[in-house]
Structures are given as C-alpha cells and as structure tokens.
Amino acid sequence: MAWPEALPGDVAKRLDALAARLPDLLPKAPPASLLHGDLWTGNLIFDGAFQGLIDPASYYGDAEVDLAALTTFGTPPASFWHGYGPLRDGWQDRRPVYRLWIALLHLRLFGGGYRGMVETCLNAARV
C-alpha cells in the first residue's frame, strides 16, 4: 500500500501487516449505528448528568468506533457506561484498531509526539 511520505517507514510496514489482518480482527457486518464522527469528551455536554453531545460529522458504522474515539483522551463518567449497556464480546481486541485512525490523524496533523500513540495501538493490535 502507498502510505504518505510523512509516515515513518517502520510504522507503514506495521500498518500493511495490520491491513492484511483486518478481515480477521473486525466484524464483517457489525450492527449499523449512527456515529458521531468526532466523539471525544470535549464534545459531550454534562450538567451533573449527561445532557447531550455536539455532533459535527455523523455517519453509519460500528458503534465501537465512537467508543474507541471517546476513550482515546479520556473517558466519560460511570453514568455514561451504565446507560450505554454491555459491549459485544471481543471489544477489547477491536478498540486499538478502531483507535488507530485517531492516532494516525494526530501524528499527521500535530507531529512526532503522537508516534507513541500510534505504536501503542499497533502493539495492542499485536502487529
């Protein structure tokens, strides 16, 4: 695969290895959910209890994508998780894969300080 020049070569090789394994790591047809597009704790509105969210780029996909994004830089309070309910089996293995795009975006936009985040996701995905 052709990766941007800004991507370190060793990271690009690991991404190729991960891409080859994606059919085994991610569900082929997860239940479609309306996703946020930029879900992080700064886009959640709380006033004692959860009140709502700012939603800039909605699309349909696996709900675990939003949960991975939401927990990249923090996590909502326990009341959020209680209201959300149980997660599908294997979510722990999918979360670093879903979180990787956020890490790659930050690496590209904000520089090498995010390389560690990319590598953490790749390590967690066992690549």
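Biologist: Which residues does Thr-72 touch, not counting residues up to four places away in sequence?

Modeller: Contact means heavy atoms within 4.5 Å. Here Thr-72 touches Arg-99, Ile-102 and Met-117. This is a predicted model, in which local features need pLDDT of at least 70 and side-chain atom pairs count only at pLDDT 80 or more, while totals for chains, interfaces and linings use all residues. Residues are numbered from 1 along each chain as its sequence is written, and side-chain values use heavy atoms, with hydrogens and water left out.

Biologist: Where does Thr-72 lie, and is Thr-72 buried or exposed?

Modeller: Helices (H or I, at least four residues) and strands (E, at least two) are DSSP runs, numbered from the N terminus. Thr-72 is in the loop between helix H2 (63–70) and helix H3 (78–84). Buried means under 20% relative accessible area, exposed over 50%, and partly exposed in between, with a 1.4 Å probe and protein chains only. At a relative accessible area of 15%, Thr-72 is buried.

Biologist: Which backbone oxygen does the side chain of Thr-72 reach, and which side chain joins that of Thr-72 in a polar contact?

Modeller: A polar contact is a pair of N or O atoms within 3.5 Å; within protein, one must be able to donate a hydrogen and the other to accept it, and residues adjacent in sequence count only if both atoms are side-chain atoms. The backbone oxygen is that of Ala-68, at 2.8 Å from the side chain of Thr-72. The side chain of Arg-99 is joined to that of Thr-72 by a polar contact of 3.3 Å.

Biologist: How many salt bridges are there?

Modeller: Side chains of opposite charge can pair when their charged atoms come close. A salt bridge is a side-chain nitrogen of Lys or Arg within 4 Å of a carboxyl oxygen of Asp or Glu. The count by this rule is six. One of them is between Arg-115 and Asp-10, at 2.5 Å from N to O. Arg-115 lies in helix H5 (residues 115–124) and Asp-10 in helix H1 (residues 9–25), so this pair ties together parts that are 105 residues apart in sequence.

Biologist: Which residue forms a salt bridge with Asp-62?

Modeller: Arg-88 does, with the closest N and O atoms 2.9 Å apart. Arg-88 is in the loop between H3 and helix H4 (91–110) and Asp-62 in strand S4 (residues 59–62), so the pair links parts 26 residues apart in sequence. Arg-88 is partly exposed at 31% relative accessibility, whereas Asp-62 is buried at 5%.

Biologist: What separates Arg-115 and Glu-119 in helix H5?

Modeller: Arg-115 and Glu-119 are four residues apart, which means about one helical turn. Their salt bridge has its closest N and O atoms 2.7 Å apart. Elsewhere, salt bridges with shared partners join Asp-62, Glu-64, Arg-88 and Arg-94 into one network.
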